[in-house]
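Okay, everyone, thanks for coming. Let me put the model up, and then I'll walk you through a few spots.

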Amino acid sequence: MKLALRPALAAPAGPVAALEGVGLRYGRLAALDGVTLEIPAGCMVGLVGPDGVGKSSLLALVSGARRVQQGRVTVLGGDMAAPRHREAACPRIAYMPQGLGRNLYPDLSVRENVDFFARLFGQGRAEREARIARLLAATGLAPFPDRAARQLSGGMKQKLGLCCALVHDPELLILDEPTTGVDPLSRRQFWALVGQMRAQQPGMSVLVATAYMEEAEGFDWLVAMDAGRVLATGTPAALRARTGTATLEEAFVALLPEARRSGHRKLVIPARSVAAGAAPAIEARGLTCVFGDFTAVDGVDLSVGRGEIFGFLGSNGCGKTTTMKMLTGLLPATAGEARLFGRPVDARDPESRRRVGYMSQSFSLYGELTVRQNLDLHARLFDLPREAARARIAALAARFGLAEQMEANAGALPLGLRQRLSLAVAVLHEPEMLILDEPTSGVDPVARDAFWELLVDLSRRQGVTIFVSTHFMNEAARCDRISLMHAGRILATGAPAALVAARGAASLDEAFVGYLEEAAGAEAAIAAAPSPPPVRAAAAAPGLRRMLAIAMREGLELLRDRVRLAFALFGTMLLMFVFGIGINMDVEGLAFAALDRDGTPESRGYIQEFAGSRYFVEHAPIADGATLERRLRSGELRVAIEIPPGFGRDVIRGRPTEVAAWIDGAMPFQAETAQGYVQGVHLDWLAGLAQRLNAAPSPPVASLVTRFRYNQDFKSLYAMVPGTIAILLVFIPAILTALGVVREKELGSITNLYVTPTRRHEFLLGKQLPYVMLAMLNYGLLVAAAVFAFGVPLKGSLPALTLAALLYVLATTGIGLLMSAFTRTQIAALFGTAILTTVPAQQFSGLVVPTSTLTGAAALIGSLFPTTYFVRASVGVFTKALGFRELASTLLALAAFFPVLALLSIAALRKQED
């Protein structure tokens, strides 16, 4: 597929970007090694080379997304290491990172994604609407404005990503492998769209990284890269002339260092011999797979012969991977049947699984294990005998060129070697069939040919059936037969040459595109040239607009993520009831029983004194000492009263006597409380006994009368429920906020912070605002539950408590923002935030132990944690009728947390990747 984006420029203008001695390392790995390069302006410049050679790193430096470590990067006339120039150049640059839809937000619709980017660049409503309508019409996305980005095909995602990149009319458009993994028709449409956009903006420079050499043929100027270095620069024609080759792929191979291309030769595929009457290896009849209302595979019929190399081609999202998973038993079919070697596919049949080797689209081995350990692990999984496994691993290592890498970690291998290792694992158990899902995506031409040599050898010498999917047309041409798929259906099946002849096309690429265009109809048509962009109008308060845009987007994503929203709302209420009821310091209804060795009215009266208390519940009497021990050990009893013989006689005569109270001490707090209850009942019984015996106790010199000023009912629930509100408002809001930021790091959309005019405080405050609002909604629900469900009276000022809650959740969500600056995964953010908030909130905030009793580090932690102050406000308003005047110092302390945490978060969040 040769592109005609615009006529090649004979003499490009001055450089749009220049690199001088640029180096970049990821730990010990050198991504760029002393790169010096001038990139001409006003033309289409392509970086060509396989994955891992430094193309993405170079583009990230030029866009400003990555920090310059060594050397100098000049873009649009300024140094990208200078923050002031980056800020000024940012609105003039558009960057589309590698990966299908990586700069998009999957929960937002097509229109909402473009609208969000327009807001980031400060566009007013009228300008946004005009630009969105123009771009959607130009890309053919106008019929799907309300479709979620996650529901788009790969090609449509890339078109939407291009819309978002072009919404502000950039001078420099940077595209990092925008068509990798995209089918040929979508690739053709994408580049036609780029050509149309350039026609409307003649001065725009475009810098593209690609692994498809046929795409690079249509670029104006090329940079060939390998191992972090520039191999050559020039027009495609100049590179072909320099190397004396016919194609750009051959030219790239010729430019590689001798060590990299030694042993490379043109791949020759011997003819396949077909045994007469041989049964097919794969049979599929009416194979169908339905996910809800979506039919992924619709009545597929296939027949693949033994030893055949069968190619599986199709548009993105057409059902290729789903079909492969059904053929391997990884996914059950909704309808139809699949047979392997004459037997129905059954994932539970280990014999069938042994006959198939599967290599997934992405690297699925264990990167932290060595090559040898990966091979040994899979040999064990397939129950290969130890000696046989050892010999098989040695043979595969020699055959696949892995002998020198056996002790290297799999994750550190170059992509070509990783693919060889994946293939070695797939054939380790000597399967009769291999199913390979896009095995060479991103692999350089030399490694790709070496990989195919192995496949041809397996097919022709060992008779292994190979079922392979690919987007490379030169690979599809190597197959014995291919099948073309679109929208879950097979369009055509046959030998590549036969399909080309049937379409009357010049190449397999044109034939494939023709089949897809015929099947897709209007959807495949390239949209008309877009109208000129509307005139920019300066918008007021662009910073506020960006912050509100981020807040609105975060709010929409939160509302559409039902699981996360349900957890945030109902999870909080559930924990409120669990904590409020379960964490109750009131110890009542203690199970007790008596071992009465006396049996007199006095002993029975003593036991009745306990039975009449609300703190004890009487159980069946104890028969003997062994029974007493057994019932205490089993947990049936918390307290056992043992009355000695002669107790009644001694009491009446005034003789000293002892009663044993056996208390379960497994829980010290409950044991101490039970001991106090026992002593209190005992003293009450003594006082009653003295009255019955007409004993006149001597009057005390002084008496102490205790009155409870607050919480006169002395119910711990009245303190625990307000305290639980404080715990929940620090735990869940902080976690949700941290996850909201780290989620962008995992998805890759954090790049939009790096390459748009968004400032760090706008990003953080915009992310925080929806969670503050959600936390305040939770606050209202928690207060309502406290008053109406738990019956805790609200005696003080509700406005004062609400202000304290607002200041508090600003602080707790600020803790989440600060944690998100140091974590890169959602798991780390979840655990880190939970530990950082829960432990201090429970132990040092005064909820369980008064803060006045804390000393040293514990007192310092308590004074520096916002829960300490909100517990005072919450408990004080509920139980002490406090208002604004009494809470003034507490409110001031809470107000101080937000700016401090915000400044720390802004300082910790980087505007560039390291």
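Predicted model: local features only at pLDDT ≥ 70, side-chain atom pairs only at ≥ 80, totals over all residues.

Numbering starts from 1 along each chain as its sequence is written, and side-chain values use heavy atoms, with hydrogens and water left out.

Ser905 lies in helix α33, residues 888–908. Helices here are DSSP runs of H or I, at least four residues, and strands are runs of E, at least two, numbered from the N terminus. Ser905 is buried, with a relative accessible area of 1%; buried means under 20% with a 1.4 Å probe, protein chains only.

Staying around there, UniProt, in an unreviewed entry, lists transmembrane regions, including 771–794 and 887–909; such annotations may be inferred rather than shown by experiment. In the model, residues 887–909 are 91% helix and 0% strand, with the end C-alpha atoms 34 Å apart. For residues 771–794 it's 79% helix, 0% strand, and 26 Å between the end C-alpha atoms.

Now over to strand β21, residues 590–596. Because 6 of its 7 residues are buried, β21 is largely enclosed by the rest of the structure. β21 pairs in the parallel sense with β22, residues 616–618, over 3 bridges; to count as a pair, two strands need at least two DSSP bridges. Ala591 stands opposite Val617 in β22. On the β23 side, residues 639–643, there are 5 bridges, again parallel, and Leu595 has Glu642 as its bridge partner.

Last stop: the open sheet of 6 strands, in the order β16-β17-β18-β13-β19-β20, with mixed pairing. β16 (356–359) and β20 (489–494) stand at the edges with a single partner strand each, so one side of each has no neighbour in the sheet. The twist averages 15° from one strand to the next; axes are lines fitted to C-alpha atoms, for helices over the stretch in contact, and angles run from 0 to 180 degrees between N-to-C directions. Helix α11, residues 320–328, packs on this sheet, touching β13, β16, β17, β18 and β19, and its direction makes about 155° with that of β17. β16 and β17 run parallel, joined by 4 bridges, with Val356 opposite Met433.

That's my tour, thanks.

Technical notes. Buried < 20%, exposed > 50% of the residue type's maximum accessible area, 1.4 Å probe, protein only. Contact = heavy atoms within 4.5 Å.
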